[in-house]
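Subject: Structure handover

Hello,

The sequence and structure are below, followed by notes on what was found. Please read the notes with the model open.

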Amino acid sequence: MTDTPAPLTEREIAAALDGAPGWRRDGDHITRGYGIRYHGGVALIVHVADTERLIGHHADIDLRWDHVRFTITTHDAGHRLTAADFDLARRIDAIATAHGAQPLE
Ligand SMILES: C[C@H](O)[C@H](O)[C@H]1CNC2=NC(N)=NC(=O)C2=N1
């Protein structure tokens, strides 16, 4: 990637959050947890990682015995939220649903 992604404005972030139900803003990150047992979480993470490699955008991932949490920001934008974060969030939602993971919030 050569272009530096543009940080979203506060108004754009609010609109993007409306379009990403279940994702919570935590400063300059968005985050969402899914209930899934450990080994299922490993499979889910592998699938997410394949997609991340394709799109060149990566979440921070925290796997616990009964849930997994994804946290996203754009490092290339100075750790600010960009459209790429919300695109990845939607992709993670679809993959998590396909894996039968339970939304935690
Ligand atoms: C060169 C490469 O595409 C960049 O470093 C990508 C990789 N994945 C990334 N992932 C995230 N979340 N933010 C980035 O800025 C980012 N940059």
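Two residues are in contact if their C-beta atoms, placed from the backbone, lie within 7 Å. By that criterion Leu 44 touches Ile 36, Val 68, Ile 95, Ala 96, His 99 and Ala 101, leaving out residues up to four places away in sequence.

This is a predicted model, in which local features need pLDDT of at least 70 and side-chain atom pairs count only at pLDDT 80 or more, while totals for chains, interfaces and linings use all residues. Residues are numbered from 1 along each chain as its sequence is written.

Overall layout

The protein chain has 3 helices and 5 strands, in the order α-β-β-α-β-β-α-β from the N terminus. Both are DSSP runs numbered from the N terminus: helices are H or I with at least four residues, strands E with at least two. The radius of gyration, over C-alpha atoms, is 13 Å, close to the 13 Å that the globule rule (2.2 Å times the number of residues to the power 0.38) gives for 105 residues, so the chain is as compact as a globular protein of that length. Its C-alpha atoms fill a box of roughly 35 × 30 × 20 Å along the principal axes. Of the contacts with a separation of 6 or more, 68% are between residues 24 or more positions apart.

Core

Of the 105 residues, 27% count as buried (20 or more other C-beta atoms within 10 Å of the residue's own; exposed is 12 or fewer, partly exposed in between). A nonpolar core is a set of buried Ala, Val, Leu, Ile, Met, Phe, Trp, Tyr and Cys residues joined through C-beta atoms within 7 Å. The largest one has 20 residues, and Leu 44, Ala 59, Ile 72, Leu 88, Ala 89 and Ile 92 touch the most other members. β2 (29–35), α2, β4 and α3 each supply at least two residues of this core, and α3 gives the most, with 6.

Helix pair

α2 (residues 38–55) and α3 pack at about 145° with axes 10 Å apart; axes are lines fitted to C-alpha atoms over the stretch in contact, and angles run from 0 to 180 degrees between N-to-C directions. The contact involves Leu 44, His 47, Val 48, Thr 51 and Ile 55 of α2, and Leu 88, Arg 91, Ile 92, Ile 95 and Ala 96 of α3.

His 79 is in the loop between β4 (67–72) and α3 (83–98). Its phi is positive, about 55°, although His 79 is not a glycine. Most residues other than glycine have a negative phi. His 79 counts as exposed because it has 12 C-beta neighbours inside 10 Å.

Regards
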